[in-house]
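Here's a quick, friendly tour for anyone meeting this structure for the first time. Have a look at it, then read on.

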Amino acid sequence: QSSVVRFAQTVSSIPIFGSHIVVEVGPDNELLGVDADVASVAEISPLPTIDAAAAAAALAAMLAVDPALVVSAEAPSLVFYEDESAGWHLAWWLTEVALTPAHFREAHPHKGHRGSPRQRNARLDYLVDAHDGEVLFYYSLTPSARAHGRTPEIPVKCRGLDALAQPQEF
């Protein structure tokens, strides 16, 4: 029986978005395997110049909605995020927001039935720059699969075994 230990990489106690370290050890604590994706954060202040409420307001402006409608499942938290073309950012991470940008809805149209579950139950995570309020990145939390050679993606249920070989479905 092995154990899996997960570590989160941080800088100034702030997590780095997308980095991870996973270590598998055997029953006698011998190292069985390591998977890691770590980063080196460069030249970015760990002190935000806008607060979480201002980040939510900036997101509301991008979505063209009332700021009161921008609700994160958990309190927004700070993360370091690397944009491959623009470098490092300190960002507010707003989770499971039930609002989608218009171009996201257009890229995921529904066909053959009324009111796509993808649109009715949409949940997206957003990263908003903690210095200037720019929406840096967002992604859907809805599992999906792409039909062979076709777009759009279609929502799917995923099944598998967790680290303890227990069946999971999401």
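Let's start with E96, whose place is in strand β7, residues 87-97. Keep in mind that what you're looking at is a predicted model. E96 isn't a glycine, yet it has a positive phi of about 50°. Is E96 buried, exposed or partly exposed? E96 counts as partly exposed, because its relative accessibility is 41%.

A64 is another residue to look at here. Its phi is near 60°, a positive value in a residue other than glycine. Where does A64 lie? You'll find A64 in the loop between α1 (52-63) and β6 (77-83). With a relative accessibility of 69%, A64 counts as exposed, because the cut-off for that label is over 50%.

## An edge-to-face pair

Now for the aromatic rings. How many aromatic pairs does the count come to? The count comes to 7 aromatic pairs. Take F17 and W93: their ring centres are 5.2 Å apart and their planes sit at 90°, so this pair is edge-to-face. The pair links distant parts of the chain, since F17 is in the loop between β3 (14-15) and β4 (20-25) while W93 is in strand β7, 76 residues apart.

## A stacked pair

Next up are Y81 and F137. Which kind of pair do the rings of Y81 and F137 make? Their centres are 5.6 Å apart and their planes are at 20°, so the pair is stacked. Here again the pair links distant parts of the chain: Y81 belongs to strand β6 and F137 to strand β9 (residues 135-140), 56 residues apart.

Y81 counts as buried, because its relative accessibility is 10% and the cut-off for buried is under 20%. F137 is partly exposed, with a relative accessible area of 31%.

## One cluster

Which residues form one aromatic cluster? They are F17, Y81, W93, F137 and Y139. So the cluster takes in F17 and W93, the edge-to-face pair, along with Y81 and F137, the stacked pair.

Terms used
Residues are numbered from 1 along each chain as its sequence is written. This is a predicted model: local features need pLDDT of at least 70, side-chain atom pairs count only at pLDDT 80 or more; totals for chains, interfaces and linings use all residues. Side-chain values use heavy atoms; hydrogens and water are left out. Helices (H or I, at least four residues) and strands (E, at least two) are DSSP runs, numbered from the N terminus. Buried means under 20% relative accessible area, exposed over 50%, partly exposed in between (1.4 Å probe, protein chains only). Rings of Phe, Tyr and Trp (its six-membered ring) pair if their centres lie within 6.5 Å; planes under 30 degrees apart count as stacked, over 60 as edge-to-face and the rest as tilted.
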